[in-house]
Amino acid sequence: MGLSNASHQHEPGSEELRFHWCSPLDSGQQKATEKYQVGHLDFGGIVDFAKEADRLGVDSLLMGISYHMPDPLPMIGALVRETERVKFILAYRPGLVSPTLFAQIVNTVSWMSDGRISLNLVAGISPAEQAYYGDFVAHDGRYARMNEFLEILHRTWRGETPLSYSGEHYRIEEAQLGLGYLGGGRPEVYISGASGPAQETALQHGDCWLRYGDTPEGIAEAVAPVLAKGGRVGIRMHVLARETRAEALADLAEMMRDPDEDHREWVAKFVAASDSEAVRNSFRLAEQADGDWLSPVLYSGAVAYRGGPALCVVGSYREVAAYLHSYKASGVSEFIFSGWPTRDEMRTFYTHVLPLIRELEENERTA
């Protein structure tokens, strides 16, 4: 599916990196080593977070999905009415709803938000969690289902109506939707995963392959096949930037102080039962680190408590800006960040680090 069909598209060859942030769907974590905070919803706090992201110029907010979080769909429906510019990346799993109903939902949100919605389709990382929702399809089968799901969505957004489809996972007869996507377009589609099926799905049906972090050298090797076929690549990571490196290291030490080892053990059991290559690869990478550091600014110590997205770029504003800018040469075009506490780190990044990255990009253009 060509990128030209997507609304709010990122033009191939654009010289500016895109920077998104992961929205808290609970009350947010203060430290990397805490248990997940579940059982309540601070929606007022999430609204305030989204409004600040809007003011700061955040490109998009990723709205994640997992059994321990509130569902992202109603959240986005409310948040688009509280904001003006920031987009929302809806993470969702094929198999939970029919593709026709999902297209209807996304189309509706596109009208509510002036097209400020993108999709992050996830095949699922835990057979046990999938079973919570009545889904017992194995890893590769989930990607086969995702391909059918996306084929139906794209055909719907191309205006094929009435639409009939007969596949292994979906059968649809004479489907029609009265409300199309705003402007006749479609949302950007991010595909998560590290496996071969994930990469092929991203190339065939997505706009961007979204993966967990690594060093720039490691990323360059991993993404070469996707870039060679014209794909785009994004990374999910954490960031911790301070005015000086000494301040960054001091705050990192405080963040990792008094870790919850029961939580770490729970995460280890979850990973052992996972069938996700992305999850397993991220933990193998962290285990190879020298004293929890994969490079002088890439910290892996929080992965044991928070999983693959917790690989963290740590340093002074200028160190972090330079390191992130170096990923461009590896083929990365965008990042989705988080932090601890995530709202404070978002403010720090967009206020102090992003201007330095734009300065580096401007120097690159005029060199």
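Okay, let's start in a loop: P341 sits between β13, residues 334–338, and α13. The peptide bond joining W340 to P341 is cis, with omega at about -20°. Before I go on, keep in mind that this is a predicted model.

There's another cis bond to show you, and this one joins T161 and P162, with omega about -5°. P162 is in the loop between α5 and β5, and β5 is 163–166. Why point these out? Most residues other than glycine have a negative phi, and most peptide bonds are trans.

D258 isn't a glycine, yet its phi is positive, about 50°. You'll find D258 in the loop between α8, which is 245–255, and α9. Is D258 buried or exposed? D258 counts as exposed, because its relative accessibility is 56% and the cut-off for exposed is over 50%.

D292 also has a positive phi without being a glycine, and here the value is about 75°. Look for D292 in the loop between α10 and β10. With 36% relative accessibility, D292 counts as partly exposed.

Since we've just come off the end of α10, let's look at that helix. In α10, residues 277–287, the buried residues are A278, V279, S282, F283, L285 and A286. They sit on the same side of α10, because the arc they cover around the axis is only 155°.

Now, helix packing. Two packed helices are described by the angle between their axes and the distance between the axes.

The crossing of α3 and α5 is right-handed. On the α3 side, the contact is made by P99, F102, A103, V106 and N107, and on the α5 side by F149, I152, L153, T156 and W157. Sorted by class, the α3 contact with α5 has 8 nonpolar residues, 2 polar ones and no charged ones.

Next, α5 with α6, where α6 is residues 196–205. From α5, the contact takes in D140, Y143, M146, N147, L150, E151 and H154, and from α6 it takes in P197, A198, T201, Q204 and H205. By class, the α5 contact with α6 divides into 5 nonpolar, 5 polar and 2 charged residues.

Then there's α1, residues 43–56, with α2, residues 72–79. Their axes are 11 Å apart and the packing angle is about 55°. That makes α1 oblique to α2, and the crossing is right-handed. In this pair, F43, I46, V47 and A50 of α1 meet M75, A78 and L79 of α2. The class count for α1 with α2 is 7 nonpolar, no polar and no charged residues.

Let me finish with two single residues. V313 lies in strand β12, residues 312–316. V313 is buried, with a relative accessible area of 0%. What does V313 touch? Leaving out residues up to four places away in sequence, V313 touches M237, H238, V239, L240, V297, L298, V320, Y323 and L324. If you want a sense of scale, V313 and A175 are 138 residues apart in sequence, and C-alpha to C-alpha they are 47 Å apart in space.

L354 is found in α13, which covers residues 342–366. L354 is buried as well, because its relative accessible area is 13% and buried means under 20%. Again not counting residues up to four places away in sequence, L354 touches F19 and F349. L354 and P94 are 260 residues apart in sequence and 34 Å apart in space, C-alpha to C-alpha.

Note on methods. Residues numbered from 1 in each chain as written. Predicted model: local features only at pLDDT ≥ 70, side-chain atom pairs only at ≥ 80, totals over all residues. Heavy atoms only, no water. Left-handed = near helix turned anticlockwise from the far one by under 90°. Helix = DSSP H or I, 4+ residues; strand = E, 2+ residues; numbered from the N terminus. Contact = heavy atoms within 4.5 Å. Nonpolar A, V, L, I, M, F, W, Y, C, P; charged D, E, K, R; others polar. Buried < 20%, exposed > 50% of the residue type's maximum accessible area, 1.4 Å probe, protein only. Arc of directions from axis to C-beta. Axes fitted to C-alpha atoms, helices over the stretch in contact; angles between N-to-C directions. Parallel < 35°, antiparallel > 145°, perpendicular 65-115°, else oblique.
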